Amino acid sequence: MEQTPNHNTESMKRANETSIYKLMTVGILVSMLGVYLRFAGDSMTLSIVSWVILFIGAIIAIKGVFKILAA
């Protein structure tokens, strides 16, 4: 008979923390703002700022993913 996995392990508890998902949501929202600004205007300054905002949001979201993976 197969053993059922234990879902109360430390990694499962860490993966279910709401703070991690809030961090990922903030990162996704910031990235969406960067994408919106990317297509909102046609100036070089706005384009550079939008790329920076997009990458900051992506880094925030990736940080949340790595917290889940505990890397």
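## A walk through three helices

What covers the buried residues of helix α2 includes helix α1 (10–15) and helix α3. Buried here means under 20% relative accessible area, exposed means over 50%, and partly exposed lies in between, using a 1.4 Å probe and protein chains only. Before going on, please note that this is a predicted model, in which local features need pLDDT of at least 70, side-chain atom pairs count only at pLDDT 80 or more, and totals for chains, interfaces and linings use all residues. Residues are numbered from 1 along each chain as its sequence is written, and side-chain values use heavy atoms, leaving out hydrogens and water.

Let us start with the whole chain. Its secondary structure comes to 3 helices and 0 strands, in the order α-α-α along the sequence. Helices (H or I, at least four residues) and strands (E, at least two) are DSSP runs, numbered from the N terminus. Of the 71 residues in the chain, 18% are buried. Contact means heavy atoms within 4.5 Å; among contacts between residues at least 6 apart in sequence, 60% join residues at least 24 apart.

Now look at helix α2, which runs over residues 18–40. Its 23 residues reach 33 Å from the first C-alpha to the last, close to the 33 Å expected at 1.5 Å a residue; that expected span is 1.5 Å times one less than the number of residues. Which residues of α2 are buried? They are Ile20, Met24, Gly27, Ser31, Gly34 and Leu37.

Two of these residues lead us on to helix α3, where Ser50 is found. Ser50 touches Gly34 and Leu37, as well as Arg38, not counting residues up to four places away in sequence. Ser50 is itself buried, with a relative accessible area of 1%.

A search of the whole structure finds 1 aromatic pair. The rings of Trp51 and Phe55 have their centres 5.7 Å apart and their planes at 25 degrees, so the pair is stacked. For such pairs, ring centres of Phe, Tyr and Trp (its six-membered ring) lie within 6.5 Å; planes under 30 degrees apart count as stacked, over 60 as edge-to-face and the rest as tilted. Trp51 and Phe55 are 4 residues apart in helix α3 (residues 44–69), which means they are separated by about one helical turn. An α-helix has 3.6 residues a turn, so residues three or four places apart point the same way.

Finally, Ile48 is also found in helix α3, and it is partly exposed at 48%.
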